[in-house]
Amino acid sequence: MATPQSTVEGAAPRVPLFYDPRVRGIAYQVLVFAGLIALIYWIIGNTTANLQRANIASGFAFLQGRAGFDIGDSLVEYSSDSTYGRALFVGFLNTLRVAVVGIITATIIGFIIGIGRLSKNWLINRICLVYVEVFRNIPPLLVIFFWYFGVLSVLPLPRDSIDLPLGSYLNSRGFYFPRFLWGEGAWLVLVGLVLGIVFTFFVRRWAHRRQMATGEQFPVFWTGAGLIVGLPLLAFVVTGFPLSFEFPELSTFNLRGGIQVRPEFLALYLALSFYTAAFIAEIVRAGVLGVSHGQSEAAQALGLRSGQSMRLVIIPQALRIIIPPLTSQYLNLTKNSSLAVAIGYPDLVATGGTTLNQTGQAIEVVAIWLVVYLGLSLGTAALMNWYNARMALVER
């Protein structure tokens with residue numbers, strides 16, 4: 001009678017548990033996770049003990065306390081009697097304002113400079129090259145100082161303000177322009193604008209389907225321009241022109257009336273826009289060069305002029321290359337806005353710093369900074385990822 005074999009012929013030898021790579025991987029991950037939990041527990045415990053030793057109460061109840069400091073530039077109503085929470089909200093709106101207008105301006109300038117870098121005109125090409133190389137190799141803080149101390153601070157005093165068109169003035173205290181005073185029924189103008197945008201969207205979709213089916217083009221641009229401009233203008237006429245202007249007026253020592261854009265905002269806005277535009281220009285240039293040269297030749301063979309070829313053929317394809325790195329530049333501009341504290345612009349970091357100094361709630365204020373900037377960055381990235389997905393090439 002044959003004895004049973006202890007092992008099956010051809011089977012791999014059994015590996016000890018300690019030498020199993022899968023088991024070791026899980027064990028290492030468990031140890032690292034436990035170490036992180038222990039580190040976090042130690043940090044929280046140490047921080048709590050330090051706060052108790054300094055008689056500082058933790059939590060966000062301080063946001064309801066009276067701020068006691070003024071903010072010179074605010075988009076919403078604010079006074080020294082407002083709460084710390086209101087002050088931080090004002091700082092957040094100021095940060096958001098710089099980020100939005102800076103991104104729009106930097107994108108426009110960057111596209112112009114990037115296309116100019118590809119120009120066959122020697123002078124335009126060299127000017128754009130110098131612009132890119134200068135701004136890319138200077139720290140953004142120095143660019144802010146240049147605009148604030150080197151340009152805006154040396155402007156004339158209010159009594160000698162530079163007279164600009166449309167009743168505007170420029171001096172060392174900022175830029176002044178007329179204020180719009182809307183009358184009764186002005187809301188219909190806004191309704192007309194919204195309807196114009198909505199109708200333009202549907203016209204564009206209809207024209208695209210029509211072109212795919214018949215090959216015939218429809219003047220979407222001029223139709224959209226007519227709707228977006230015409231409907232608000234029609235509502236403006238129907239409601240009896242409910243608009244008047246408050247013009248800034250020169251006085252002995254200052255200007256009164258109108259809207260004032262302070263030099264701190266102007267310096268930060270211009271610096272971040274021109275600085276970021278240099279990087280966007282290189283991204284645009286690389287995106288255009290990334291499109292096959294055969295596309296340009298095909299556009300020329302179809303009779304398209306150089307401008308039409310760039311606008312209708314090259315740029316739409318280059319966007320698939322441009323959008324991902326463009327997102328990083330938008331995030332950098334938003335985060336660089338925190339440099340506003342160097343020139344006294346009341347952004348989130350500046351108002352939070354004052355709040356921190358008065359209340360001692362360092363952990364809470366820093367946590368608010370982290371959450372706000374993380375939220376702005378994630379929101380911007382999500383929007384750009386959505387747009388990138390819309391522009392992606394759909395393969396059949």
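1. The UniProt annotation "domain: ABC transmembrane type-1", from an unreviewed entry, covers residues 92–384. UniProt positions follow the numbering used here, feature names are shortened, and annotations may be inferred rather than shown by experiment.

2. This is a predicted model: local features need pLDDT of at least 70, side-chain atom pairs count only at pLDDT 80 or more, and totals for chains, interfaces and linings use all residues. Residues are numbered from 1 along each chain as its sequence is written, and side-chain values use heavy atoms, with hydrogens and water left out.

3. Look at the annotated span. Residues 92–384 are 69% helix and 9% strand. Their end C-alpha atoms lie 21 Å apart. Helices (H or I, at least four residues) and strands (E, at least two) are DSSP runs, numbered from the N terminus.

4. Now the sheet. Four strands form an open sheet, in the order β1-β2-β3-β8, with antiparallel pairing. Two strands pair if DSSP finds at least two bridges between them. The edge strands, β1 (162–164) and β8 (259–261), each pair on one side only. From one strand to the next, the twist averages 20 degrees. Axes here are lines fitted to C-alpha atoms, for helices over the stretch in contact, and angles run from 0 to 180 degrees between N-to-C directions.

5. Start with β1 and β2. Three bridges join these antiparallel strands. Ile162 has Leu170 in β2 as its bridge partner. The two strands form a hairpin with three residues between them. Leu166, in the turn, has a positive phi of about 60 degrees.

6. Move on to β3. Three bridges join β2 (residues 168–171) to β3 (residues 174–177), again antiparallel. This hairpin has two residues between its strands. Tyr169 stands opposite Tyr176 in β3. Leu170 has Phe175 in β3 as its bridge partner.
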